[in-house]
Structures are given as structure tokens and as C-alpha cells.
Amino acid sequence: MVAAGAALLKELVGMGQGHLVDGWQPGEDEEDKRRLFAQLHALDASITGGLVGYVRRAATLLKESQEGKNPLEGFAPAVPSGHELQLGGPDFLECEATGAAARCGFVVVAGGLGERLGYSGIKLELPPETLTGKPYLQLYAEHVLALQRQQRRTDPNSPLLPLIIMTSEDTDLPTRALIDHLDGMGLDPAQLHVLRQQKVPCLVDSTARLATLPSDRYTLLTKPHGHGDVHALLHSSGLAARLYGEGFTHLAFLQDTNALVFSGLVAAIGLSVRHGLALNTLSVPRRAGDAAGALMQLTGGDGRSILCNVEYNQLSAMLVAAGDSRGDTNDTSGYSPYPGNTNQLVVALELYVASLEASGGVMVEFVNPKYTDATRTAFKSPTRLECMMQDLPWLLPPGAPVSFTVLGAADAYAPVKNALADAAKKAAAGQSPGAASSAEFLVYALNAKLLRLAGAEVEQGSPCSLAGVPCSLGPQVVLTPAFRPTIGAALSRLQGTLRVSARSSLLLDGEIHISHLELDGALKVRAAPGARVTIRRMHLTNKGYVLRELSAAELTDPATSELCRMRGFTYEEAEVREMIFDEPGEHVVDEE
Ligand code: UGB
């Protein structure tokens, strides 16, 4: 290992990386030198194409960046055409039923640091809503298990549905600790896979000189390579090919914080099956200026046309270069004409595995240095090559059936990306806030919408601003995956009268059927697996939970819990009715 690292260093020095050995004296710091050799060897093994290949690619991309070349130069953008589904509509339900029966594995990319959010832990441990306080990871696992239970009702031999998590050096240990803390989330260990992405070396200037730590010249500075690594890992681990061999037909990719994803994803899987799509992106309307990519149909000078994501940091420049002087703007609908990329993707395994085989899973890379001046030579801080998982269309063979499925803006997407103060600024600028608070209210709103779709009378909440972030207050409704393995199942469980006042909190967890429920307060009903609860008649009024906005002092007080500080509010319990049905079998609630 040390000898291989030393040979690699020699090769790098021959390629213009002489600064790495400047001032080296034989016999001095030998232990440190061996450390560097070992790191070089490890990087060489983890980077697709090896370290030398990485440096060569970096040199080319940095030269192009210095010359101001745009990788999308020459492509003409157009608004792409895709598919549209109406949450809960007949076509949606048909697609969802197909998707729910599909042999699909689920992949969560969770290697990001969440720097914009500024949370001290990993994002997967955050609770999307505070009524249950369950972390995102648990929510995703419960969705997978709920789908699996549904499949096993019709086919007891159907396979365990895989949940694959991509971690990084920054998130791997805490993610594994979270899995342990949650007792494996009820998953069979055979269906849970953790793949760790490695960091890549940073570059100090336009000649692609490798950066070392300021405090240690014998250690290269490294940073994450981006979510695109997921494809190389699925290939190099053999997992994608193995799942395909076992009869799985699709993989669905999700991000670390989107509690609404399963509202649209299952239907999108069904739509992929229906139309034989190789790649299907779950999309929602996008507000101009949002840090979300846009889906575009790009046509090159040679006539090649590709439906792909254009990332938010390239979008305006690309539109202006293509002759649209307004850049990234909304049209009269209040949204950009280009559909937004939620980065929730459904891929068909057959073509995916073949494309990984052909490419080794190496994604298109890009570099995004921040230059110190107009000479575009020196960087404000070292940069590195990056890649994105949604760039898959560039890996698929030309003509591969690539499309997207659009749902309503608040029906399938509620990411948590931004710290509270930044979210308030974004909202003031007409952009999506992407705060923990706004995302939490979107969860309640979506669940309330599902109840309404099933015929319930659920009072609308009132818009308000919490710590400067616009939120739509309404009843706190949480329908867990066990209650709603699919939207179709949720709709079938509400068959009579359900009235919920705006100040209410309602948790339905498990197989619960409602014939008559009137709620003005807080009610939590939990049915364990195997228990079937029917609420025949119930009229409940209590003090419920009371929302309280944090004061300015509380917002900055370290004694306030971090979860409250990042939301700007807390729900205080005044009075809650909790009903737990642990025993399998039929249970009827009749309180008239
Ligand atoms: N991630 C990794 O797993 N590894 C990494 O090295 C980096 C990230 P961000 P981003 O949702 O609206 C994406 O940072 O990259 C994971 C799309 O590119 O939250 O700015 C990370 O843990 C963009 O087109 O988002 O933007 C997280 O789960 C747009 O649609 C995921 O990758 C945007 O998401 C995304 O990372 C969006």
C-alpha cells in the first residue's frame, strides 16, 4: 500500500503536482510521508478512474471553466413535455396501484452535510413533523414496510423490498448509530443496505494542483463529490445488478428530507411501468430563483435532443445565452415554465444496469470554483469535481425513454433545506422557504387534503408568519404509512363522516377505518399490526395542542431545543386523548 502510494505520488509529481513534495528532505517526517502514501492509495482505489484520471479530468474542466466555457453551450432549451397526475384522481390511483405492486427498491441519498440548514446532526434524524416526532429515516422505512405488507397480502412470497442508504464520510457513523437507535426500523437486516461514498481531493487553482490541509502538508484536503456517486456505488457494490437478477424491475431514488415523497412516488413508479420509462423524474412546479433544478428539453447543434435537469446555478446563464434575456423568471402562472426537479427519480433496472455496466457508473462531472478575480486563475477556497444523480439521462443510451411526472406543488415535495433566517429571506423574495417549519405545515396540509379528498370536512387553516416564514396553519393531521400504504388505501379507510376543526391535532397510525368522527381538539389513534380499528361513533372536544411562536430571545437561547429553534415555534400539550390498540383483531370505538 505504501509502495503503491509512493509510486502514485511520483506519477503525480510528473504531472505537475511537484508542490506536494516541495522541501521534502530524505529521512525527515518519514512517518508523515507514509501517511500521505496511504491516503493517495486509498483515494486511488475509491475514485472511479483512479486518482490520476481524476486529476486529468479536473485539469480539463478547470481549463474550460477558466476560459468561461459553458458545458451546455450550443444547446437550445425548450419546455419539455411529460406526464401530469392529479393527486387522488382516477388516473393517479390506477398508476399508484400498479406502482404499489411493482418490485422496486428504494435508495435514499444521505451523504450531504446540510450546510444551508445548519443543523448539528444528520438530516435523516430530523422529525418532519412534531406530532409524532419520528425521524425521516423511520418514515421512509415505514413506507417501504407498508408497501411490502400490502404486496404480501396478495402474494405472501413477494420479496422484501430493499432500502438502500448512501452515506458519506460525514454522515456514515451517525446514520448507522441512528439505525441502531431505531432498532433497524423494523426492517429485516437483509433488506437494508448502507453504501458509503468517499470524498475526492480538492484543487487549489486552475492548473488543478492538489490541495493539502493548511495545518498538515502530508494530508490532502478532500470534500464530497456529490449525490451522483450513488450510481457508481450501486454499480461497484454489485447491488443494482443483483437486484435486477433477483427480479426487481425498478429503483426509486429519494433525498434525505422529503416527507411527502411517497404521495407521488408510488404513482410515478406505476407511470414508469405503464409507459416503459427508463427514467421518470417526480416533478413539481418550480418558482424562479428556487435552489431547485429545472427540467428542460435540450437540443444540440448536431440535432441530439435530451430531456435533462439544468441545475439552478447554471439556469439563468443558460437561458440568457440561449437568447432569453429574462433568464430564470416566472410566467403568468406564478411559476417557471420549466418543471422543477425534486430529485426523486424512478429508474427501470434493465437499462440502468446495462448503462452502469457500459459506463462504470461514472457520471458527468463539473467544477464550480469561486474565483478571486477576473483572471479566473486563483480560487477563494479549494474546489473539487462534483457530480449529480439526476444527470442520469447523459449516461443512458440516446433515445432511451426519459420523462417526468408532475404533481401539484405541495402534493409531493416539502424539503427541509434552509435555516430559519435564510428561509424568511427567500420567502420575502418570492421563493420557496424550504424551512423545517414550512415543510412541517406542508405535511399537515397534505394529510388534511387527503381527508378532504375522502369526503371529510376539514377546516382550512389561516396563513401566518412564524419567525418571518410564511406558514399555513391548519389542523395538525398525521396519517402514518401504516394508515396510508398508498393514497388509494387512505381514501378507502374514510367512509362516513369526519369533521376536524382548524385547531385540532389528529394522528391515525395503523389500519383504522372511520365511520363517524367529529374532532375539536387532539386525538391520537394507534393500531398495532394485525389490529383493525373502526371508529363507529366518536365526538371529541378537548384543549388539544396549542401552537406558540418562540420569542426572539428563545430563538437565540441555547437552552431552547435545537429542533424548536430551527422551527421558530413549538406545540404545547394542553389535553390529548390517546387510544392504543395493541392486540390483533377487530376493535370498534362507539362512544355515543
Ligand atoms: N447528497 C449526498 O448524498 N452526497 C453528496 O455529496 C451531496 C448531497 P442537497 P442540492 O431538492 O430541490 C438537489 O444539498 O444538491 C444528498 C438537486 O441537485 O439537499 O443543492 C443530500 O444528503 C437540484 O436539482 O440539494 O440540489 C440530499 O439528500 C434540486 O432539485 C441530496 O443529495 C434540489 O436537490 C440533495 O442534496 C431539490
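This is a predicted model: local features need pLDDT of at least 70, side-chain atom pairs count only at pLDDT 80 or more; totals for chains, interfaces and linings use all residues.
The buried positions in α1 are G5, L8, L9 and L12. Around the helix axis these residues cover an arc of only 105°, which places them on the same side of α1. An α-helix has 3.6 residues a turn, so residues three or four places apart point the same way. The face of α1 that is turned away from the buried side carries the exposed residues A3, K10 and G14.

The length of α1 was also examined. Helix α1 comprises 13 residues (residues 2-14), which at 1.5 Å a residue should span 18 Å, and the 19 Å that separates its end C-alpha atoms agrees with this expectation. After α1 comes G16, a residue whose phi is positive, near 100°.

A further pair of helices was considered. Two packed helices are described by the angle between their axes and the distance between the axes. For helix α4 (residues 90-101) and helix α9 (residues 261-275), the axes come within 6 Å and cross at roughly 80°. Because angles from 65 to 115 degrees count as roughly perpendicular, α4 is roughly perpendicular to α9. On the α4 side, the contact involves D91, F92, E94, C95, E96, T98, G99 and A100, and these meet S263, V266, A267, I269, G270, L271, V273 and R274 of α9. Sorted by class, the contact of α4 with α9 contains eight nonpolar, four polar and four charged residues.

How values were computed: Residues are numbered from 1 along each chain as its sequence is written. Side-chain values use heavy atoms; hydrogens and water are left out. Axes are lines fitted to C-alpha atoms, for helices over the stretch in contact, and angles run from 0 to 180 degrees between N-to-C directions. Helices (H or I, at least four residues) and strands (E, at least two) are DSSP runs, numbered from the N terminus. Angles under 35 degrees count as roughly parallel, over 145 as roughly antiparallel, 65 to 115 as roughly perpendicular and the rest as oblique. Contact means heavy atoms within 4.5 Å. Ala, Val, Leu, Ile, Met, Phe, Trp, Tyr, Cys and Pro count as nonpolar, Asp, Glu, Lys and Arg as charged, and the others, Gly among them, as polar. The expected span of a helix is 1.5 Å times one less than its number of residues. Buried means under 20% relative accessible area, exposed over 50%, partly exposed in between (1.4 Å probe, protein chains only). The arc is that of the directions from the helix axis to the C-beta atoms.
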